[in-house]
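Visitor: I am new to this structure and would like to know how its features get their labels. Could you walk me through it?

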Amino acid sequence: MREQGGAAKECDVSQCRILVVEDDVLVRRAYERVLAEHSITAVGNGDDALAELNKQHFDAIVSDIDVPGMSGIELLKAVRKTNWEIPVVFITGCPSVNTAQDAVNFGAFGYLTKPVTPDELKRAVARATRGRSLNAPQRPAVQSAEALEARFDRAIDQLYMAFQPIVAVSEGRVMGYEALLRTEEKSLVRPPDLLAAAEQLGELDRLGRAVRSKVAQAIPTAPPGVRIFINLHARDLLDDELLSAASPLAPFADRVVLEITERASLEGVDDDLSRLMRLREQGYWLAIDDLGAGYAGLTSVTRLEPEVVKLDMSLVRGIDANRTQQQFVASISQVCRELGMQVVTEGVETPAERDTLLGLGCDLLQGYLYGRPARTFEAPVF
Ligand code: G
Ligand code: MN
């Protein structure tokens, strides 16, 4: 169980602090102008960038890859040693599959090819800052005089799951549904807020158990043969209930796919890995979620050897018009398929995105184009 989007607030434009790393003065000024609505600090090389990062907090980094001295990729590696969170958008004059793979491996958020239009740059930064607030929920956004405990209790009482189809397009069938956390409690209606509340109250186990029990209740009503995908929070892995034979999901283990992110798969390292392996022995499938979103890297793919890899929607959005995204999705999905993994691409919204993905050999698609999350297992629109 883990946060699932919802209408999380983007960081207030004026409040976003962006670090721009670009050695060409004219280009740097151009980026500063395009991003003028944000608070910009611009530097010409990686060392100065690290010095700025030590001095102040930033919401995102926009970096050229080919900067003098430390390259953008080296800068990213250095940043990731201490900061797993900050989204990094790369811009390069000479794209290559190698640098794209390095970029994703170390959790880059986006990868743009020069010349970048003002719109592309603005959109990439908006996505990066939005992704950040989605991935790192702060304290609950809705303030209420009523104690958090009482609201959280109600949120748990009024918890329900919404199911979104994942389709195998060429076969015209549904391969699974992702179960997404929802509640009727108005003050915690955004999943990141509900998760932040659970974290704050030390109630993550209770939330995770409630989610698993709801999903288990719903599985008998799912169409035969489909798999049910469920998001795990890093914390869920430490809850013995998940691994116990008495877990409500246990009877359905061979139909359930547990989605994990980089954080869930690497945080406790060896212990987490052995717990994941035990879950697999019980019949669960494992999926790496949000690959390409900024923190799920290729190391989690090689360590876990998941049955399924889910490519993040930031790689899908507008893929029909972006050759770098196309090249990247093609190469990553090919590697995963060669390793025997199924590749799901998330967030497919338009026929153009669908057609491009199908052309790249991606056949397992999830997104609003096929169906929104719903309380029952709705058939997708093909
Ligand atoms: O991190 P994870 O992949 O579990 O996030 C899934 C979230 O993405 C859910 O909140 C779901 O509602 C949302 N979502 C699903 N399909 C689409 C889509 O096509 N477009 C957008 N913008 N969001 C989507
Ligand atoms: Mn997911």
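**The metal site and its surroundings**

Guide: Gladly! In this predicted model, the manganese ion (ligand 2) is coordinated by E178 (OE), N231 (OD1), E259 (OE) and D289 (OD), at 2.1 to 2.4 Å.

Visitor: What makes these residues donors of the manganese ion (ligand 2)?

Guide: A donor is an N, O or S atom within 2.8 Å of the metal. The atoms of E178, N231, E259 and D289 lie at 2.1 to 2.4 Å, so they meet that cut-off. Along the sequence, the donors follow the spacing E-x52-N-x27-E-x29-D. E178 belongs to strand 7 and D289 to strand 10 (residues 285-291), so this pair ties together parts that are 111 residues apart in sequence.

Visitor: Why is D289 called buried?

Guide: Buried means under 20% relative accessible area. D289 has 2% relative accessibility, so the label applies. E178, at 4%, is buried as well.

Visitor: What makes strand 10 largely enclosed by the rest of the structure?

Guide: Seven of the seven residues of strand 10 are buried, so the strand is largely enclosed. Strand 9 (residues 256-260) runs parallel to strand 10 and is joined to it by four bridges, with V257 opposite W285. Strand 11 (residues 308-311) is also parallel to strand 10, with three bridges between them, and here L291 stands opposite L311.

Visitor: How do you know that strand 10 and strand 11 pair?

Guide: Pairing takes at least two bridges. Strand 10 and strand 11 have three, so they count as a pair.

**Rings and charges**

Visitor: Why is the pair of Y177 and F377 called edge-to-face?

Guide: The ring centres of Y177 and F377 are 5.0 Å apart, inside the 6.5 Å limit for a pair, and their planes are at 80°, which is over 60, so the pair is edge-to-face. Y177 lies in strand 7 (residues 173-183) and F377 in the segment after strand 13 (364-366), so the pair ties together parts that are 200 residues apart in sequence. Y177 is buried at 1%, and F377 is buried at 14%. Ring pairs also bring F163 into a cluster with Y177 and F377.

Visitor: Which charged residue sits over the ring of Y160?

Guide: That is R375, whose charged end is 3.7 Å from the ring centre of Y160. Over the face of W285 lies R227, at 3.4 Å from the ring centre.

**The nonpolar core**

Visitor: Which residues touch the most other members of the largest nonpolar core?

Guide: L207 and V215 do, in a core of 45 residues. Helix 8 (residues 204-218) supplies the largest share, seven residues. Leaving aside neighbours within four places in sequence, V215 is in contact with M161, A179, I228, I230 and L249.

Visitor: Is E305 buried or exposed?

Guide: Exposed means over 50% relative accessible area. E305 has 54%, so E305 is exposed. Its phi is near 45°, a positive value in a residue other than glycine. D290 has a positive phi too, of about 60°, but D290 is buried, at 12%.

Key
Residues numbered from 1 in each chain as written. Chains lettered and ligands numbered in written order. Predicted model: local features only at pLDDT ≥ 70, side-chain atom pairs only at ≥ 80, totals over all residues. Heavy atoms only, no water. Phe/Tyr/Trp six-rings, centres within 6.5 Å; stacked < 30°, edge-to-face > 60°. Helix = DSSP H or I, 4+ residues; strand = E, 2+ residues; numbered from the N terminus. Buried < 20%, exposed > 50% of the residue type's maximum accessible area, 1.4 Å probe, protein only. Lys NZ or Arg CZ within 6 Å of the ring centre and 35° of its normal. Core = buried A, V, L, I, M, F, W, Y, C linked by side-chain atoms within 4.5 Å. Contact = heavy atoms within 4.5 Å. Donors = N, O, S within 2.8 Å, 3.2 Å for Na, K, Ca; no water.
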